[in-house]
Amino acid sequence: SIPILSALVLVLLLSTQVFKTQEPTPFYWEFINVEIDIQENGDILVSETQKYIFTAPYTNKRYRWLSLALVDSIEGVEVFEEGQNLFASVGVENNRLWIEWQHALTPPDSHTFVIKYRVKGGLQGNKISWRAIFKERVSTIKRANVIIRLPASLEENIIRFSNKKFKRIGDAFSTLQIYARTIELVSQEELYPGEGLKVSIIFPALRKNR
């Protein structure tokens, strides 16, 4: 389990990757809301709520790719729509876990999916990192919201959290510590393809037992 810490630092890295110009894709995300629950043993429980807006005919297959770098495994994958558990295929390719599911699609149309999974072995040394908003996309996210919940052993040990600025003007996310163990991040502008948010939680200077 994570020992009681003298301090905790949360670093938010908003990354940008340039994609080549391509034909417009007939869908976008109205929002992506992510809940990250860090467990006492260093595991991370993640719940992503993604609302797709489809504007023209398109494939009815959806995908989610998750990096397996710096973690032991990703388990317990589930996909829901309107409370119904959808059948999802899962596999590994090039050190990434892929999730695939299908749904009915009659555009113009909207679908909201909830993707849940457990990241095991997320604690590496004195840091936990996870990409809360993925950047490998072909469409825009209109709004994004990320909530990070810390385990009881870290209550009131948050000393600093920062939001590194975008290459575009202004801050991409605002931050708000809403409880002793909860931090919320709210997007201030659209996120274009290639723009994503990585959350890193650093545990410095562990207290030694006397």
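The following legends describe close-up views of a predicted model. Local features require pLDDT of at least 70 and side-chain atom pairs pLDDT 80 or more, whereas totals for chains, interfaces and linings use all residues. Residues are numbered from 1 along each chain as its sequence is written, and side-chain values use heavy atoms, without hydrogens and water.

**View 1. The largest pocket and its lining.** The largest pocket holds about 730 Å³ of space. Its lining comprises 29 residues, with Arg64, Trp65, Leu66, Phe134 and Glu136 the closest to the centre. Strand E4 (61–67) is one of the contributing strands and gives the most, seven residues. A pocket is an open set of points on a 1 Å grid over the protein atoms alone where a 1.4 Å probe fits, with protein on both sides within 12 Å along at least five of seven lines; lining residues have an atom within 4 Å of a point.

**View 2. The salt bridge between Arg64 and Glu48.** The side chains of Arg64 and Glu48 meet at 2.8 Å, N to O; a salt bridge places a side-chain nitrogen of Lys or Arg within 4 Å of a carboxyl oxygen of Asp or Glu. Arg64 lies in strand E4 and Glu48 in strand E3, so the pair ties together parts 16 residues apart in sequence. Arg64 is buried at 4% relative accessibility, and Glu48 is buried at 1% (buried: under 20% relative accessible area; exposed: over 50%; partly exposed: in between; 1.4 Å probe, protein chains only).

**View 3. The salt bridge between Asp43 and Arg118.** The closest N and O atoms of Asp43 and Arg118 are 3.1 Å apart. Asp43 is buried at 4% relative accessibility, whereas Arg118 is partly exposed at 29%.

Definitions and conventions
Points joined across faces, edges and corners; volume = space filled by probe spheres on them. Helix = DSSP H or I, 4+ residues; strand = E, 2+ residues; numbered from the N terminus.
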